[in-house]
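Here are my notes for your read-through. Please keep the viewer open as you go.

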Amino acid sequence: MLVVMKQQATPEQIDAVVADIEKKGCTARPIPGGERVAIGVLHNKGALEASHFLALPGVKEAIPVTKPYKLVSREFKPEETIIKIGDVVIGGGHFNMIAGPCAVESEQQAITIARAVRSSGAHMFRGGAFKPRTSPYSFQGLGEEGLKILSKVREETGLPVVTEALDHEVFDIVEEYADVVQIGARNMQNYTLLRRAGRSKKPVLLKRGLSATIEEWLMAAEYILEGGNSEVILCERGVRTFAHHSRNTLDLSAILVVCKESHLPVIVDPSHATGRRDQVIPMSRAAVAAGVHGLMVEVHHAPDEALSDGPQSLYPEQFDSLCTQIESIRKAF
Ligand code: PEP
Ligand code: MN
């Protein structure tokens, strides 16, 4: 249930509605934004009667929310969520390019790539320090050393950094170094990790699970908002299908549905979605045409020598060209 107060409702009337909700054993959650004052009712055991709330002084509307996700929904909050990370603004009419290698391999590698992507117009730098790898024999990331390198990249280039917290154990340290904490596809339904992210002061980039429905994805985001962190960026990174012509299948129509259902910003990762360098630029163009708030792209100056995901990493010149192409597409729309 969403209780919308009248424009002229007094603070006492608002407090009385909150107290009434809590007396029922539910949680009252003020919904930020816009002109209106709205209070979300969470944790109700059964259905609530709209008429009960409508009878309280100062209440304009009591809207039953039918969807299982509440805080992430447009029903609760119609205005788009805007997230500020230093000078970078994500969401609404803003568009952001996040770029960098799959994994941080060395200081020199990270700085070289960061300088290149920044000069092409990237707004943030990505790079994994803790890597979720299918094989325990593959490069697992530099760990804390990788995080320190990311700090140097930020100092050197001014770019905020996005990096993954692979589990609950490393969340604290990742949060300390990162500007945005990524939760990877394999962890989308790791509920203890989602709860930890909900207590974080840092924005969270939540990737869609390998075979997650949109509802499951939004429910995962709901965990983070329910925990108190309203700064979540959703990232579509392709889902697993029967197709072998690409690593995953980029689900472009999911973007449209998620943007309709949720106020959270949505970006696309064309690199993991396709797994192939020759598909990354065309699918990025398609995602931008579909209306995403940003892209997260893997770039490597020497992809043949990359310790992970070389075949899907763009060369810096290709990334530069992509940025120019995206500009024209955005202008055209
Ligand atoms: C990544 O972005 O480095 C990554 C591992 O992606 P995903 O979780 O989408 O597979
Ligand atoms: Mn990767």
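Predicted model: local features only at pLDDT ≥ 70, side-chain atom pairs only at ≥ 80, totals over all residues.

**Notes on the model**

1. Cysteine 102 has 3% relative accessibility, so it counts as buried. Histidine 272 has a relative accessible area of 9% and is buried too. The cut-off for buried is under 20% relative accessible area.

2. The residues around ligand 1 are Arg126, Lys131, Pro132, Glu164, Gln182, Gly184, Ala185, Arg186, Lys207, Arg237 and His272.

3. Ligand 1 polar distances. Take glutamine 182: one of its polar side-chain atoms lies 2.9 Å from an oxygen atom of ligand 1. For arginine 186, an N or O atom of the side chain is 2.8 Å from a ligand 1 oxygen. For arginine 237, the corresponding distance to an oxygen atom of ligand 1 is 2.6 Å.

4. Barrel. Eight strands close into a barrel in the order E7-E8-E9-E10-E11-E12-E13-E14, with parallel pairing. Neighbouring strands are turned by 25 degrees against each other on average, direction ignored. Strand E13 (residues 266-268) and strand E14 (residues 294-298) run parallel and are joined by two bridges. Valine 268 stands opposite leucine 295 of E14.

5. Strand E12. How many residues of strand E12 (residues 232-236) are buried? Five of the five are, so the strand is largely enclosed by the rest of the structure. In a regular strand, side chains alternate between the two faces of the sheet. Here both faces are covered. Val232, Leu234 and Glu236 lie on one side, Ile233 and Cys235 on the other, and all are buried. Strand E11 (residues 204-207) pairs with E12 in the parallel sense over four bridges. Leucine 205 stands opposite isoleucine 233 in that pairing.

6. Open sheet. A second sheet has four strands in the order E2-E3-E1-E4, with antiparallel pairing. Strand E2 (27-31) and strand E4 (59-63) stand at the edges. Each has a single partner strand, so one side of each is left without a neighbour in the sheet. The twist from one strand to the next averages 25 degrees.

7. Strand E1. What does strand E1 (residues 2-5) pair with? Four bridges join E1 to E4, and three join E1 to strand E3 (residues 38-42). Both pairings are antiparallel. On the E4 side, leucine 2 stands opposite isoleucine 63, and valine 4 has glutamate 61 as its bridge partner. On the E3 side, valine 3 is partnered by isoleucine 39. Both faces of E1 are covered: Leu2 and Val4 on one, Val3 and Met5 on the other, all buried.

8. Threonine 157. This residue is in helix H4 (residues 144-157). Threonine 157 has 8% relative accessibility, so it counts as buried. Its side chain reaches the backbone oxygen of valine 153 at 2.6 Å. Leaving out residues up to four places away in sequence, threonine 157 touches Ala114, Arg115 and Arg118.

9. Aspartate 278. This residue is in helix H10 (residues 277-290). A polar contact of 2.8 Å joins its side chain to that of arginine 276. Aspartate 278 and threonine 192 are 86 residues apart in sequence. Their C-alpha atoms are 37 Å apart in space.

Definitions and conventions
Residues numbered from 1 in each chain as written. Chains lettered and ligands numbered in written order. Heavy atoms only, no water. Buried < 20%, exposed > 50% of the residue type's maximum accessible area, 1.4 Å probe, protein only. Pairing = 2+ DSSP bridges. Axes fitted to C-alpha atoms, helices over the stretch in contact; angles between N-to-C directions. Polar contact = N/O pair within 3.5 Å; in protein donor to acceptor, adjacent residues only side chain to side chain. Contact = heavy atoms within 4.5 Å. Near = heavy atom within 4 Å.
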